[in-house]
Amino acid sequence: MYAVVETGGKQYRVQKDDVLKVELLKGEVGGEVIFDKVLMKGKDDSVEIGKPYLDGASVKAEILNFGRNDKIFVFKYKSKKNIRKMRGHRQDYVEIRITEVM
């Protein structure tokens with residue numbers, strides 16, 4: 001069984017025992033997170049699609065780790081104007097393992 005969930009403005013196709021990195025969520029390592037925004041659920045040949053979300057469907061996950069992604073550099077430059085801007089950004093994430101698709 002698999003599901004498509006929405007979190008952090010992104011959509012993820014998940015199934016049991018998947019490990020993935022998503023935008024930062026509140027919780028503690030070893031804690032549980034429940035995703036209620038399930039867009040689609042499927043098993044073998046049958047598929048249920050929500051409008052926009054499925055009622056009564058949810059996905060449970062366990063928090064494994066917190067971290068930060070690699071630094072991304074943003075460089076803005078305008079020729080002949082002596083304008084140069086350098087910025088950096090590191091996005092926080094949480095690593096989760098899907099424990100149950102309901």
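Let me start with Gln91, which sits in the loop between strand S9 (83-89) and S10. Helices (H or I, at least four residues) and strands (E, at least two) are DSSP runs, numbered from the N terminus. Before going on, two notes on where the numbers come from. This is a predicted model, in which local features need pLDDT of at least 70 and side-chain atom pairs count only at pLDDT 80 or more, while totals for chains, interfaces and linings use all residues. Residues are numbered from 1 along each chain as its sequence is written, and side-chain values use heavy atoms, with hydrogens and water left out.

What does Gln91 touch, leaving aside residues up to four places away in sequence? The list is Glu23, Gly67, Arg68 and Asn69, where contact means heavy atoms within 4.5 Å. Asn69 is 22 residues from Gln91 in sequence, yet the two C-alpha atoms are 5.5 Å apart in space. The side chain of Gln91 also makes a polar contact of 3.0 Å with that of His89. A polar contact is a pair of N or O atoms within 3.5 Å; within protein, one must be able to donate a hydrogen and the other to accept it, and residues adjacent in sequence count only if both atoms are side-chain atoms.

Now the sheet. It is open, with 4 strands in the order S3-S10-S7-S4 and antiparallel pairing. Strand S3 (19-23) and strand S4 (32-35) are the edges, each pairing on one side only. Two strands pair if DSSP finds at least two bridges between them. S7 and S10 are joined by 9 bridges, and Gly67 stands opposite Tyr93 in S10. S3 and strand S10 (residues 92-101) have 5 bridges, with Leu20 partnered by Ile96. S4 and strand S7 (residues 59-68) have 4.

Last, the core. The largest nonpolar core has 18 residues, and Val14, Val59, Ile96 and Ile98 have the most contacts inside it. Such a core is a set of buried Ala, Val, Leu, Ile, Met, Phe, Trp, Tyr and Cys residues joined through side-chain atoms within 4.5 Å. S10 gives the largest share of this core, 4 residues.

Technical notes: Buried means under 20% relative accessible area, exposed over 50%, partly exposed in between (1.4 Å probe, protein chains only).
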